[in-house]
Amino acid sequence: MMVMLSPRSAVRRCASAGLLTLALLGAGLPAAAADGPQPDLSRFYRQKAVWAACEGPDMPKDLQCAKVTVPLDYARPHAGTLDVALARYRATGDKRGSVLLNFGGPGGAGVNELATEGRQFMDLTNGYDVVTFDPRGVGRSSPVSCGEGGDEASAVTNENADLGHPQVLLEKLRQAAEECARHSGPVLPHIGTVNASRDLDVIRQALGDDKLNYLGFSYGTRLGAVYAAQFPDKVGRLALDGVDTLTESLSEQGIAGAEGQQTALDDFLDWCTTDVACPFGKDRRAAGAQIVGVVHSLDENPVPTDFGGSFSGQDLVGAIGQALYSRELWPSLERALASLVEDGDARGVLNFSAGGVGLPREGHRKDGGLVAPDEVPMDNLPAALMAINCADDPDRPAQARITKDLKELRAAYEEASPVFGRYRLTQVLMCYGRPRGTDFIRDRVKDVDSAKLLLVGTRGDPATPYRWTVETAARLGSSAVVLDNKGDGHTGYSSSRCVHRKVNDFLLYGSLPANGSSCPADGND
């Protein structure tokens with residue numbers, strides 16, 4: 001899943017020191033790691049967030065920033081640390097603690113998103129500080145990068161790739177993985193949702209909260225579910241919107257994603273070809289063929305950008321995918337595509353590109369400190385997306401298996417979507433040459449014994465299909481409560497007034513809708 005974008009934006013003091021140490025050690029232990037001696041994490045759990053004005057000329061004046069320090073490796077907490085960037089809007093009503101937001105991705109930088117789109121969460125300041133963070137490897141928190149490695153991986157799935165000699169293609173993937181490791185620094189082996197969830201608990205304590213109140217979108221629902229499994233006794237009010245799968249492999253997720261985005265593109269083209277300003281004319285079938293043609297043309301001859309890099313067909317596919325997350329973006333997408341097709345001007349579609357398009361660079365610091373806002377690599381979002389998804393997935397097919405299946409796999413992705421298939425397949429293949437990911441999510445995130453969790457699924461979601469909400473709720477067990485949003489678009493909080501109100505009622509007042517209740521398609525009561 002890509003980052004969740006709204007329609008308007010393309011972690012008590014005890015009676016004695018001995019009791020304090022024991023309490024802090026206990027707070028830092030996931031439920032699944034209770035056996036055997038555990039590392040001493042007390043110094044991390046003694047932190048308190050210190051807030052100040054945020055860096056950067058475009059930051060809202062009422063937005064405050066801070067950081068927390070977490071272990072690079074929780075198994076060896078003295079082997080290095082990294083800082084995690086935080087931002088908040090302060091509570092305006094009677095404060096009862098904080099609510100943490102994760103906007104999705106994986107790879108979405110929370111601080112920038114809250115800065116640009118925080119106003120839609122102002123209702124929550126009636127009871128909470130509204131807080132977000134850049135997860136490890138993302139944004140200012142030791143950002144990862146792949147240098148030119150992403151280009152190497154794209155070559156494996158292009159239409160001219162020599163599938164008769166897949167060993168050559170797999171060598172390119174191995175080289176891509178090496179490039180990502182070289183550019184990303186020491187955080188890369190310790191990236192992923194399991195460690196991000198442990199960071200989340202350190203943040204909870206640093207904010208002075210006994211329980212975690214949380215609103216996660218898209219990938220953020222995976223993070224929330226993992227937290228509930230690791231720290232069930234620390235769960236306060238968790239709302240998960242646009243629910244991710246906990247069991248499907250990356251290849252299965254890729255097919256589902258390609259199919260969902262193709263359906264959303266078809267809906268967009270159905271609308272566009274009835275509008276006089278549509279750059280593809282009024283012939284619906286021809287319009288679909290033209291989109292495919294533009295993608296292929298840009299893959300063959302990318303156009304230069306103002307950032308000093310180039311804009312390829314796969315960059316266009318990523319931009320279109322972002323724009324399709326909400327119908328409210330369709331007119332803007334139509335105008336951007338018209339500028340591209342009619343004038344060769346890519347600036348409009350660049351506005352939809354997640355993370356920007358330009359020259360990647362190494363942004364991490366050797367001491368694990370926060371990087372400056374203008375030192376975040378331009379490819380951080382896609383690089384982090386790949387790194388986190390691969391770290392979360394235990395499947396690593398051997399070379400022989402990939403060699404045998406590559407041609408069929410590409411055909412299956414192209415059948416799922418002639419536009420998004422190659423883009424999604426590249427994301428899956430990028431895990432080749434990387435260490436095997438954790439099996440914790442697939443094997444251990446189930447039957448969660450925590451406070452109630454609100455899961456919101458949207459029937460017409462192009463990125464996280466509604467069936468994932470039903471499947472994840474069944475897997476989490478009796479703690480899960482499902483809200484069925486009958487609308488479409490990726491997630492419901494920003495597009496449905498009904499979902500927005502019900503999520504706020506739960507977070508602010510603890511009022512849960514009945515399990516299986518719904519919100520109407522138009523977002524009205």
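Which residues in helix 8 meet Trp-330, Pro-331, Leu-333, Glu-334 and Leu-337 in helix 11? The points below take up this contact and its surroundings in what is a predicted model.

1. **Helix 8 against helix 11.** The residues of helix 8 that meet those five of helix 11 are Ala-264, Asp-267, Phe-268, Trp-271 and Cys-272. By class, the contact comprises eight nonpolar residues and two charged ones, with no polar residue. The axes of helix 8 and helix 11 (residues 330-343) come within 11 Å and cross at roughly 80 degrees. Helix 8 is therefore roughly perpendicular to helix 11, since angles of 65 to 115 degrees are placed in that class.

2. **Helix 8 against helix 9.** Helix 8 (residues 250-272) also packs with helix 9 (residues 284-300): their axes come within 10 Å and cross at roughly 125 degrees. This angle makes helix 8 oblique to helix 9. The crossing is right-handed. On the helix 8 side the contact is made by Leu-265, Asp-266, Leu-269 and Asp-270, and on the helix 9 side by Arg-284, Ala-287, Gly-288 and Ile-291. Sorted by class, these are four nonpolar, one polar and three charged residues.

3. An open sheet of 10 strands shows mixed pairing, with the order 1-2-3-5-4-6-7-10-11-12. Its edges are strand 1 (52-53) and strand 12 (517-519), each of which pairs on one side only. As background, strands of a sheet pair through backbone hydrogen bonds, in either a parallel or an antiparallel manner.

4. **Strands 2 and 3.** Within this sheet, strand 2 (residues 63-71) and strand 3 (residues 81-89) run antiparallel and are joined by nine bridges. Val-70 stands opposite Leu-82 in strand 3.

5. **A helix across the sheet.** Helix 18 (residues 497-509) lies across several strands, including strand 4 (98-102), strand 6 (212-217), strand 10 (453-460) and strand 11 (480-488). Strand 12 and strand 7 (235-241) are also among them, and helix 18 runs at about 170 degrees to strand 7.

6. **Disulfides.** The structure holds five disulfides. One of them joins Cys-146 to Cys-180, with an S to S distance of 2.0 Å. This link is right-handed, with 105 degrees about the S-S bond. Cys-146 lies in the loop between strand 5 (129-133) and helix 4 (149-157), whereas Cys-180 lies in helix 5 (residues 166-184), so the pair ties together parts that are 34 residues apart in sequence.

Conventions:
Residues are numbered from 1 along each chain as its sequence is written. This is a predicted model: local features need pLDDT of at least 70, side-chain atom pairs count only at pLDDT 80 or more; totals for chains, interfaces and linings use all residues. Side-chain values use heavy atoms; hydrogens and water are left out. Two strands pair if DSSP finds at least two bridges between them. Helices (H or I, at least four residues) and strands (E, at least two) are DSSP runs, numbered from the N terminus. Contact means heavy atoms within 4.5 Å. Axes are lines fitted to C-alpha atoms, for helices over the stretch in contact, and angles run from 0 to 180 degrees between N-to-C directions. Angles under 35 degrees count as roughly parallel, over 145 as roughly antiparallel, 65 to 115 as roughly perpendicular and the rest as oblique. A crossing is left-handed if the near helix is turned anticlockwise from the far one by less than a right angle, and right-handed if clockwise. Ala, Val, Leu, Ile, Met, Phe, Trp, Tyr, Cys and Pro count as nonpolar, Asp, Glu, Lys and Arg as charged, and the others, Gly among them, as polar. A disulfide is a pair of cysteine sulfur atoms within 2.5 Å.
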